[in-house]
Amino acid sequence: MTGSSAPFDPSAPFGPSAPLGPSDSDARFEALVEEADAVSVEGWDFSWLDGRATEQRPSWAYARTMAGRLAGARAALDIQTGGGEVLASAPVLAPLTVATESWPPNIARATALLHPRGAVVVADSDEPPLPFADGAFDLVVSRHPVTAWWEEIARVLAPGGTYLSQQVGPESVFELVEYFLGPRTAEERGARDPRRAREEAEAAGLEVVDLRAERLRVEFLDIGAVVYFLRKVIWMVPGFTVGAYLPQLRSLHRLIEEEGPFVAHSARFLIEARKPPGVPTGLR
């Protein structure tokens, strides 16, 4: 999504200040949904949402922080790189830079982006074990991993090495999730708690040196943005298709046109953990 929270323009066509008749609104719905349902959702680039949705960015500026760490690293690993867009944004990569990814379209995209930079992309199942030797990297990074396998992260880190990760926190964009799926359970609401990440990192023998969490405003300006987002971020509404959720989409389209952007809140946390220098390679 866009890097700043650009204001919604109520004077734009079809905005809340320009009421439409039913046939106009239906035509707008069909056009927006058809477009969003046809566009490619490969990679982890959200630029298609520019002008359609906004999301506040965390104060710690993960990409910039990651780039700073990469510039000083000898051997770096990016776990679950997606299409490689975030890693490729770093001006300087470590002399040895490796990225893992499991989804074939993303592997191809990441390879095209990262190979010219001298980085290697490895196809990996996102399940333990990581296909690397003990102590292979002095830096491991990951943005929005589906799961952080802490034992494996600790294993592939060299003594004194660092893991830096921005992760999705609890109840992220649940306003949208619950619009489609209804109220979530207490267990679902408590998932991805940063305090649990700290506990798991420490149990794997790592020292957590930084842990910060923020909730950030998200605005969906039209129903096309919602369709694209749910097609791309597939774990939000598992099995989402336009056909399966057509009534909810029509209702949400009317709500946005009558009241303005649909507002939700994403949850993000930054965790930085270090492997103690005295821990032998391969041991916790």
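# Close-up views of strand pairing and aromatic contacts

**View A. D78 stands opposite V141 in β5.** The model shown is predicted: local features require pLDDT of at least 70 and side-chain atom pairs count only at pLDDT 80 or more, while totals for chains, interfaces and linings use all residues. Residues are numbered from 1 along each chain as its sequence is written, and side-chain values use heavy atoms, with hydrogens and water left out. Strand β2 (residues 75–78) runs parallel to β5, and three bridges join the two; strands count as paired if DSSP finds at least two bridges between them. Helices (H or I, at least four residues) and strands (E, at least two) are DSSP runs numbered from the N terminus. Six of the seven residues of β5 (residues 137–143) are buried, where buried denotes under 20% relative accessible area, exposed over 50%, and partly exposed the range in between (1.4 Å probe, protein chains only).

**View B. β5 and β6 (residues 157–168) pair in the parallel sense over six bridges.** The bridge partner of S142 is S165 in β6. From β5 the chain passes through helix α5 (residues 150–156) to β6 in a right-handed β-α-β crossover; with the strands pointing away from the viewer, a right-handed path from the first strand over the helix to the second runs clockwise. R143 stands opposite Q166 in β6.

**View C. β6 also pairs with strand β8 (residues 262–274), in the antiparallel sense, over seven bridges.** Q167 faces F269 in β8 across this pairing. β6 is mostly covered, with ten of its twelve residues buried.

**View D. The structure holds nine aromatic pairs, among them a stacked pair of W48 and Y228.** Rings of Phe, Tyr and Trp (its six-membered ring) pair if their centres lie within 6.5 Å; planes under 30 degrees apart are stacked, over 60 edge-to-face, and the rest tilted. For W48 and Y228 the values are 4.6 Å centre to centre and 25 degrees between the planes. W48 belongs to the loop between α1 (22–38) and β1 (53–55), and Y228 to helix α9 (residues 223–232), 180 residues apart. Y228 is buried, at a relative accessible area of 2%.

**View E. F132 and F137 form an edge-to-face pair, 5.2 Å centre to centre with 85 degrees between the planes.** Both residues are buried. Elsewhere, ring pairs link Y179, F180, F240, Y245 and F262 into a cluster.

**View F. The charged end of R52 sits over the ring of W48, 4.1 Å from its centre.** The criterion is NZ of Lys or CZ of Arg within 6 Å of the ring centre and within 35 degrees of the ring normal. K232 lies over the face of F46, at 5.3 Å from the ring centre.
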